[in-house]
Amino acid sequence: MISLQNVTKTYKNGVTALEAVSIEIEKGEFVFVVGPSGSGKSTTLRLLLREEEPSMGEVFVAGKNVVRLSSLGGIPKLRRNIGCVFQDFKLLQDKTVFENVSFALEVIGKPKHVIDARVPEILDYVGLGDKLNNYPDELSGGEQQRVSIARACVNRPLVLLADEPTGNLDPNTSVDIMRLLDKVNKIGTTVVMATHDQAIVDAMRKRVIELDHGKVVRDQSRGVYS
Amino acid sequence: MAFAAMSTAFIALFLFGLALIIAREINLVIEAVTGNVQVAVYLSDPVRPDTVTRLQTELQQLPAVASVQYENKDEACARAKKLFESNPAITENVPCEVYPASFRVTLADTAQYGQITARLSCQPDPTTHDITCSEPGVLKVLDFRDILDRLSAITRVLRNGVLFIAVVMLVSATVLVANTLRMGMFARRKEIGIMRLVGATNWRIRVPFLIEGLVEALVGAALAIITLFLVKVFVVDQLRGRIVWLPLIRNGDVLAITPWILIAAAGVAIVAGTIGIRRFLDV
């Protein structure tokens, strides 16, 4: 599903974020990417989204070489197959929960009947079936992250990328969010999660890839944080 | 900001239209004064048909002459009546026989005007400044080149001056529209970020902003067209009839330039759209 082959990424300012990194992730896997700040976690996610291009090496997502995709059609199509969740939720404050999720379908041109069917369904799935008309500032942090997960999943992506999704949440809420991500993973979505949260990584016992100074220093199935 | 962009577009397009109208007006004046000929050869009375045929053939053969049109007394009379139609008192007591018949000559090469005067043996009269001719049947030659030159010089200066200001204003309008688009995109950067993330295409993201720019330019164009009609009604129409020989633009003339204003507005929108959203072209 995801394949980084000997990838090096050097930014314009000369910082090398990744150095000769090779990672293979199978369909339906749940993978933690851990490591200190600046170790290359976010760069890895940005490469998968084709927000950055590798300086060297190849990146494949769902069988496509993402470097070769065109900005006209290829990159948007790639991103429709990848859901994204962030530490800061990235919700639109002037839209309701329903509108935040439906926005993701509207802007890729889905017809109204599809939107009206899928949005309540996914919001129900993440446990917010009764908050469709609330605004983000009326929700708790955990609920806002659920909206963001609903938005990421509403188009049924093959891959879910989560960048520190529990970074802003208390431990109990974090556990709820991890249960939800696990649920999303169980229905076949490949989940890649960058995190600092040791307790969560240790509790989940999933595959752990540890980065340090842009290199893979550990790749362990059913691993712990360190 | 949108208001600034719209009003600049309006002023720019109004000046652009004004330049076009001035050019049209001066063309009307030239048409009225000279009948669009460069040289008129007036024939002395009585006009003999064989003289007309002979002179027309001879003039036609001169290399400097592009075309020779014979205008008889009745045609000359009709033209004068049309010229002064807003003030018929001038022409109504003048019988048609008084108008001289003439050849109306268009020159292929205006510098070679001397060929005509030489052929007809004409001399400038030192007292009246008329150019009288000794060729039998020819009364005098009227040289419109000087008037034409002056009129077209005035046209050029006026039209180019207004056009220059219009171009400067059009550039400002373009920059302002582009800036409005950019600010709009900046204000919505979070939404745009999410749109990109979920896989919206570039066009899907840009089209609303391009439409906004087009609307701003077209509102400016509509206001400019309305104002030009108001100028025609409240300025030009007030002058009508006051200066008897002066033909003035009509509604049709204003209407004829509206497509150009709309094209200029579309140009502003396209250029502004291209430079305004360029920063957001990269996916």
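Okay, housekeeping. Since the model is predicted, local features need a pLDDT of at least 70 and side-chain atom pairs count only at pLDDT 80 or more, while totals for chains, interfaces and linings use all residues. Residues are numbered from 1 along each chain as its sequence is written, and chains are lettered from A and ligands numbered from 1 in the order in which they are written.

Confidence, then. The model scores ipTM 0.87 and pTM 0.71. Chain B averages a pLDDT of 83, with 95% of its residues at 70 or above; pLDDT is the predictor's confidence in each residue, from 0 to 100. By elements I mean DSSP runs numbered from the N terminus: helices are H or I with at least four residues, strands are E with at least two.

Let's stay with chain B. It has nine helices and six strands. Its radius of gyration is 28 Å, whereas a compact globule of 283 residues would be near 19 Å. That is taken over C-alpha atoms, and the globule rule is 2.2 Å times the number of residues to the power 0.38. Along the principal axes, the C-alpha trace of chain B spans about 90 × 40 × 30 Å. Of the 283 residues, 29% count as buried. Buried means 20 or more other C-beta atoms within 10 Å of the residue's own, exposed means 12 or fewer, and partly exposed is in between, with C-beta atoms placed from the backbone.

Now some strands in chain B. E3, residues 102–107, runs antiparallel to E1, residues 39–43, through four bridges, and also antiparallel to E2, residues 65–71, through six bridges. Two strands pair here if DSSP finds at least two bridges between them. Look at B:Val105 in E3(B): it is the bridge partner of B:Val39 and also of B:Val68.

How many residues of chain B are in contact with chain A? There are 12, against 16 residues of chain A; contact means that the C-beta atoms, placed from the backbone, lie within 7 Å. On the chain B side, helices H7 (189–197) and H8 (202–239) are the elements that give two or more residues. H7(B) gives the most, with five.

Over to chain A. Six of its strands make an open, mixed sheet in the order E6-E7-E8-E3-E9-E10. E6 (82–86) and E10 (215–220) of chain A sit at the edges with a single partner strand each, so one side of each has no neighbour in the sheet. Inside the sheet, E7 (159–163) and E8 (190–195) of chain A run parallel, joined by five bridges. Helix H5 of chain A, residues 141–153, lies across E6 and E7 of chain A, at about 165° to E6(A). For that angle, axes are lines fitted to C-alpha atoms, for helices over the stretch in contact, and angles run from 0 to 180 degrees between N-to-C directions.

Last stop, A:Leu132. This residue is in the loop between H4 (112–125) and H5 of chain A. Leaving out residues up to four places away in sequence, A:Leu132 touches A:Thr96, A:Val97, A:Phe98, A:Pro120 and A:Leu123.

Key. Two residues are in contact if their C-beta atoms, placed from the backbone, lie within 7 Å.
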